[in-house]
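Dear colleague,

I am passing on the structure we spoke of, and below it you will find my notes on what came out of it. Please read them with the structure open beside you.

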Amino acid sequence: AMLASMVKMILRDWGQYLDDPAAMLQHIQRSLAQKLDMRFVTAVVASVDVPSGRMALANAGHPETYVMAADGGMRSFRPRGRPVNDAIPDQYEAESLQLAPGERIVFLTDGISEAQNAAGLYFSEGDLQKHLGVLRALPAAEICVGVIRAMHSFREPVEELEDDRAICVLEYLGVEHGEALTPSETASHPS
């Protein structure tokens, strides 16, 4: 809880970094220097220029970010970047991509991609992509709920959660629709 509070305080300056997600991660790293006590923070920071559909994305040890096309195609992005920690400082890099109207951006925590079942198998990237493909025509909030349910079904009968699990789906509508990003109701399950 203390680490999350520190990160929230650091993010109060987020407006200064809208155009450069990698600089935001560098700011977080500098601000947390010598305060992590062998802990680490994973994060993904994204910025979308609504009129052009350009998205800049930076990653600090977080799982892939997926972009689902309306036609069922899927792209994944994971710009280079280690988790924020005291032991190995990193230089974060941003990746730029073009969004088309109707594409959905999927952010998730490693609690989903690293969920294990009783046999010790992980809910893999392939499992996740399969479920995203099946759920892709649903509203964003239902995609979130469907992925969380699929992950829980995969884990049965394991009951204890060892990590937070969260997923967020945003849809880029393009500028002709007024509000260009439609947020989902983020689905999560705390540990």
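Which residue in strand 6 is the bridge partner of Tyr66? The partner is Val106. Before going further, please note that this is a predicted model, in which local features need pLDDT of at least 70, side-chain atom pairs count only at pLDDT 80 or more, and totals for chains, interfaces and linings use all residues. Residues are numbered from 1 along each chain as its sequence is written, and side-chain values use heavy atoms, with hydrogens and water left out. Helices (H or I, at least four residues) and strands (E, at least two) are DSSP runs, numbered from the N terminus, and two strands pair if DSSP finds at least two bridges between them.

To begin with the strands, strand 3 and strand 6 run antiparallel and are joined by three bridges. Strand 3 is also joined to strand 4, again antiparallel, by four bridges, and here the partner of Tyr66 is Ser76. Strands 3 and 4 form a hairpin with five residues between them, and in the turn Gly72 has a positive phi of about 100 degrees. Strand 6 is joined to strand 7 (residues 165–172) by five bridges, the two running antiparallel, with Leu108 partnered by Ile167 in strand 7.

Five of the five residues of strand 6 are buried, so this strand is largely enclosed by the rest of the structure; buried means under 20% relative accessible area, exposed over 50%, and partly exposed in between (1.4 Å probe, protein chains only). Arg104, Val106 and Leu108 lie on one side of strand 6, with Ile105 and Phe107 on the other.

In helix 4 (residues 125–135), the buried residues are Leu128, Leu132 and Leu135. Seen down the axis, the buried residues of helix 4 fall within an arc of 70 degrees (taken from the directions from the helix axis to the C-beta atoms), so they line one face of the helix. An α-helix has 3.6 residues a turn, so residues three or four places apart point the same way. On the other side of helix 4, Lys130 and Val134 are exposed. The cover over the buried residues of helix 4, judged by contact (heavy atoms within 4.5 Å), includes strand 3 (65–68), strand 4 (74–77), strand 6 (104–108) and helix 5 (140–155).

Lastly, Leu18 lies in the loop between helix 1 (2–10) and helix 2 (21–32), and Leu18 is partly exposed, with a relative accessible area of 41%.

With best wishes
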